[in-house]
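These are my notebook entries on a single model.

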Amino acid sequence: MKDKQFLMIPGPTPVPETVLLAMARQPIGHRSKEFSAALREVFENLKWVFGTKQEVFIFSASGTGAMEAAIYNLVNPGDKVLSLAMGVFGERWAKIAEMRGAIVERITVPAGYAINPEVLKEKLAQDKNKEIKFVTLTHNETSTGVTNPLKELIEIIKEHGALSVVDAITSVGAMPLKTDEWGVDVVVSGSQKGFMIPPGLAFLTCSEKAWKVHENCKNPSFYFNLAAHKKNALQDTTPYTAAVNLILGLQESLKMMKEEGLENIYARHAKISGGLRAAVKAMGLKPLVEDDAIASKAITSILAPQNITVADIRKGLKDDFDIVVADGQGELKGKIFRIGNLGFVSERDMIGTVGALELTLNKLGFGNELGKGTGALLKSFS
């Protein structure tokens, strides 16, 4: 059916109609008083979402742009960086740092597992001379559906004295992250996830400690320069031409988030993802992440049943129901499919997705009992 497609992927995510209408208006001047007023409101609400009193900068880029901004405004060639990698995006930190000329060491875990705090503690304890200046990590690994015990990991990094640099692209606005309270030094995120607007905006906030490190960065980025962005943010503007209509959409989505309340947003994501995991298990499928304690509240990775391909599952959902789910990434491509419940997703959306998945698998010969997964989902919701 035309115009009925629904995204159940980790991003881009569905966009509310009020946000679409805000973005559909004629652009306004990016140096106008009207736009500065909108930016002022957006900046304040971003601080609320991130849980910080520091400025939150907006870049016209994807989340990877904010990752690069973090590295290129802090790290000098030859600096030692420890990257905690539990999937594609944790490894991305390491690659960006290496391109900057940093000396990168890694702690890597298999897909489906989180970083063990004790392993990190032991590694940093071995760094007697405090040569490790930065620790990069992912809060919620989109490629696997694992959430790191961020608060505990940050405490270990703080005790060592290194700067913590966190990819929270699929966690901000979906699960608890208290930047100032937990003492996270740098947090980056992106618009097409929990913020409920299309791709094109990236966000970054950093602590006072990170600012002091930035002052010693020999060759910071030009376009992503943090000092330039801070100077302009304090004047309710941006150093370069902003993605005006995306920011007007963000203004509306942040209003919706404030109306719902952060705790309610977190509870909604937890409820929907928990229901999906119950449904998956009831259907006889196996989630990649076996441990519920580290399972993402925003995205669930599911192993394809034997003799049924991920491509066929995705095609069946798309062709018969106009529902789009994601393939795996990297070494997991073709082995798992990923269902997102991030941002503008409700219980109704997951009920439809699980029902469609049951019918699709049955049609492909999986032999599942129809209604068993949906029943488990409904029971979980009730």
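Predicted model: local features only at pLDDT ≥ 70, side-chain atom pairs only at ≥ 80, totals over all residues.

I take helices (H or I, at least four residues) and strands (E, at least two) as DSSP runs, numbered from the N terminus. Residues are numbered from 1 along each chain as its sequence is written, and side-chain values use heavy atoms, with hydrogens and water left out.

**Entry: helix 13**

I began with helix 13, which covers residues 347-363 and has 17 residues. From its first C-alpha to its last I find 24 Å, close to the expected 24 Å; the expected span is 1.5 Å times one less than the number of residues. Just after helix 13, Gly365 takes a positive phi of about 90°.

I then looked up burial (buried means under 20% relative accessible area, exposed over 50%, partly exposed in between, with a 1.4 Å probe and protein chains only). The buried residues of helix 13 include Asp349, Met350, Gly355, Glu358 and Leu361. For packing I used contact, which means heavy atoms within 4.5 Å. The buried residues of helix 13 pack against strand 1 (6-7), helix 11 (262-282), helix 12 (310-321), strand 13 (323-324), strand 15 (336-340) and helix 14 (372-381).

Leaving aside neighbours within four places in sequence, I find Asp349 in contact with Phe6, Met8 and Phe344.

**Entry: strand pairing**

Two strands pair if DSSP finds at least two bridges between them. Strands of a sheet pair through backbone hydrogen bonds, either parallel or antiparallel.

Strand 3 (residues 80-85) is mostly covered, with six of its six residues buried. Lys80, Leu82 and Leu84 point one way from strand 3, and Val81, Ser83 and Ala85 point the other way. Strand 3 pairs with strand 4 (residues 103-108) in the parallel sense, over six bridges.

Strand 14 is joined to strand 15 by two bridges, and the two run antiparallel. Asp327 has Phe337, in strand 15, as its bridge partner.

**Entry: cavities and pocket**

The search uses a 1 Å grid over the protein atoms alone: a cavity is a set of points where a 1.4 Å probe fits but cannot get out, a pocket is an open set with protein on both sides within 12 Å along at least five of seven lines, and lining residues have an atom within 4 Å of a point. Grid points are joined across faces, edges and corners, and a volume is the space filled by probe spheres set on the points.

How many cavities of 30 Å³ or more does the whole structure hold? I find three. The largest cavity holds about 70 Å³ of space. Among the residues that line the largest cavity are Phe59, Tyr223, His229, Tyr240 and Ile247. I class Ala, Val, Leu, Ile, Met, Phe, Trp, Tyr, Cys and Pro as nonpolar, Asp, Glu, Lys and Arg as charged, and the others, Gly among them, as polar. The lining of the largest cavity then divides into seven nonpolar, four polar and no charged residues.

The largest pocket has a volume of about 360 Å³. Of its 21 lining residues, Pro14, Val15, Pro16, Glu17 and Phe344 are the closest to its centre. Helix 1 (17-24), helix 10 (244-260), helix 11 and helix 13 each give two or more residues to the lining of the largest pocket. That lining divides into eleven nonpolar, five polar and five charged residues.

**Entry: backbone exceptions**

Most residues other than glycine have a negative phi, and most peptide bonds are trans. I looked up departures from this.

- Gly11 and Pro12 are joined by a cis peptide bond, with omega about 0°; Pro12 is in the loop between strand 1 and helix 1.
- Lys130 has a positive phi of about 55° and sits in the loop between helix 5 (117-125) and strand 5 (132-138). Lys130 is partly exposed because its relative accessible area is 44%.
- Asp322 also has a positive phi of about 55°, in the loop between helix 12 and strand 13. Asp322 counts as buried because its relative accessibility is 14%.
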